[in-house]
Amino acid sequence: MDAVNLPQLIALSDYTAPTMPTEQAFRAIWARLKRRMSGPEDPLLQHSGLDQASLAMIDDLANPPDSGPLLQAFEEQFGEWSRDADALPRLRTIVIPPCDTTGTLAIWAQTHGHALLPEPSRIDLTSLAGTGKLPDLTGDGLLVIPRLEQWFLRERNGLHTVRSLLSELARTERRCLVGCDSWAWRFIVKGASADLALPRPQTFEPFDARRLRDWFATLARDSGGVTATFRLTENGEDVLACDDDGEPRNAHLRQLAARSGGIPWVAWHLWRASLKVSVGEEPLSDRAAGATAGDARTVWVVGIDDVELPPSNEDRSLLVLQALLIHGGLTSDEIDAVLPTTGEPDMLAALVTTGHLQREQGSGWHHVSPTAYPPIRKALKAAGFPSGAI
């Protein structure tokens with residue numbers, strides 16, 4: 001991706017997610033009504049003739065990591081500052097969009113040899129501040145604290161450690177870059193006045209349709225420079241085709257940018273989930289064959305429906321999901337510690353089954369699935385839960 005297309009840093013308060021195209025939103029509502037009244041329209045290609053692309057093929061078309069251009073953007077925005085011992089400001093704060101399961105800031109820091117302050121285990125959180133055994137922040141060079149959300153638990157005495165860490169940051173002369181998830185940031189601003197020690201938090205510009213288009217086209221280009229053609233099953237339109245001004249011709253990527261809230265890894269996961277390939281020996285219809293006649297390689301793009309919350313236990317599921325977003329992920333025991341009720345393993349299992357959560361094997365750690373984040377955020381906001389800025 002060209003440097004001119006990399007997202008720039010903006011004030012967190014200035015973050016505005018891309019909006020759904022008005023005409024397309026109306027068309028989507030009208031299409032749903034028509035399907036209910038008269039059945040679905042005849043698409044260019046029936047989904048029964050398609051299959052989910054293999055993991056190897058998906059990686060070839062949209063290869064990891066899901067942090068994509070943000071790794072480049074971190075270096076562009078922080079690289080010169082990180083190498084200048086006299087650079088100001090001494091402390092900088094970057095608020096990270098939710099569902100960053102890759103750890104983008106930590107990857108950037110490790111790649112460029114910056115010191116990382118590892119987060120404590122959750123078991124140690126309540127004892128660190130009281131014993132005065134916080135890590136030493138002194139030293140040379142940039143210190144990166146990639147996940148401030150891992151320094152507290154939303155329970156009795158669970159904020160002592162993060163408050164002590166914030167006090168140390170206010171006193172240290174060392175240059176520090178602090179990363180924090182957007183949901184956690186709102187919580188510790190309210191609960192620990194984090195914005196006093198870490199003023200003027202920034203974040204990256206949202207990924208709009210043009211930025212997504214450039215990124216996906218780069219990912220899908222093979223070693224010979226050939227880019228796959230991604231076509232909508234409804235009408236055969238080329239999703240990555242642009243007009244003379246470099247803007248995507250159809251509304252699909254504008255919809256994806258709006259649906260993902262401009263969060264690159266959410267958009268990336270939704271994009272990967274929508275990719276399908278033709279299966280079997282059945283030939284394409286004349287319409288589909290005509291649409292793909294000039295393609296070196298055709299990949300079909302289908303619509304992905306939002307996953308629904310368990311209808312009979314929506315209140316319980318929302319409590320669990322908000323806690324997971326605030327903390328970036330929790331085990332079953334930690335969920336019990338931060339919720340007003342206990343005994344939520346059944347709800348965790350249900351949300352894993354519905355696709356809202358992912359569970360890491362071995363650790364038992366649960367986190368929100370990036371593809372499920374858009375409907376989860378919408379449901380939490382509709383229910384009146386405080387939410388992050390992104």
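**Exercise 1.** At 27% relative accessibility, what does R316 count as in this predicted model? Place its salt-bridge partner too.

*Solution.*
Step 1. Take the cut-offs: buried is under 20%, exposed is over 50%, and partly exposed lies in between.
Step 2. R316 has 27% relative accessibility, so R316 counts as partly exposed.
Step 3. The side chain of R316 meets that of D346 in a salt bridge, 2.9 Å from N to O.
Step 4. R316 sits in helix α13 and D346 in helix α15 (residues 345–353), so this pair links distant parts of the chain, 30 residues apart.
Step 5. D346, at 45%, is also partly exposed.

**Exercise 2.** Describe helix α13 and what follows it.

*Solution.*
Step 1. α13 has 14 residues and reaches 20 Å from first to last C-alpha, close to the expected 20 Å.
Step 2. Of these 14 residues, 10 are buried, leaving the helix mostly covered. Among them are L318, L321 and L325.
Step 3. G328 follows α13, with a positive phi near 80°.

**Exercise 3.** Which residues are closest to the centre of the second largest pocket?

*Solution.*
Step 1. This pocket has a volume of about 390 Å³.
Step 2. Its lining holds 26 residues; D100, T101, R147, E149 and G328 are the closest to the centre.
Step 3. α13 is one of the elements giving two or more residues to the lining. The largest share, three residues, comes from α4.
Step 4. By class, the lining has 14 nonpolar, six polar and six charged residues.

**Exercise 4.** Are R231 and D295 buried or exposed?

*Solution.*
Step 1. Both R231 and D295 are buried.
Step 2. Their side chains form a salt bridge at 2.7 Å, N to O.
Step 3. R231 lies in strand β8 and D295 in the loop between α12 and β10, so the pair ties together parts 64 residues apart in sequence.

Terms used:
Residues are numbered from 1 along each chain as its sequence is written. This is a predicted model: local features need pLDDT of at least 70, side-chain atom pairs count only at pLDDT 80 or more; totals for chains, interfaces and linings use all residues. Side-chain values use heavy atoms; hydrogens and water are left out. On a 1 Å grid over the protein atoms alone, a cavity is a set of points where a 1.4 Å probe fits but cannot get out, and a pocket is an open set with protein on both sides within 12 Å along at least five of seven lines; lining residues have an atom within 4 Å of a point. Grid points are joined across faces, edges and corners, and a volume is the space filled by probe spheres set on the points. Helices (H or I, at least four residues) and strands (E, at least two) are DSSP runs, numbered from the N terminus. Ala, Val, Leu, Ile, Met, Phe, Trp, Tyr, Cys and Pro count as nonpolar, Asp, Glu, Lys and Arg as charged, and the others, Gly among them, as polar. The expected span of a helix is 1.5 Å times one less than its number of residues. Buried means under 20% relative accessible area, exposed over 50%, partly exposed in between (1.4 Å probe, protein chains only). A salt bridge is a side-chain nitrogen of Lys or Arg within 4 Å of a carboxyl oxygen of Asp or Glu.
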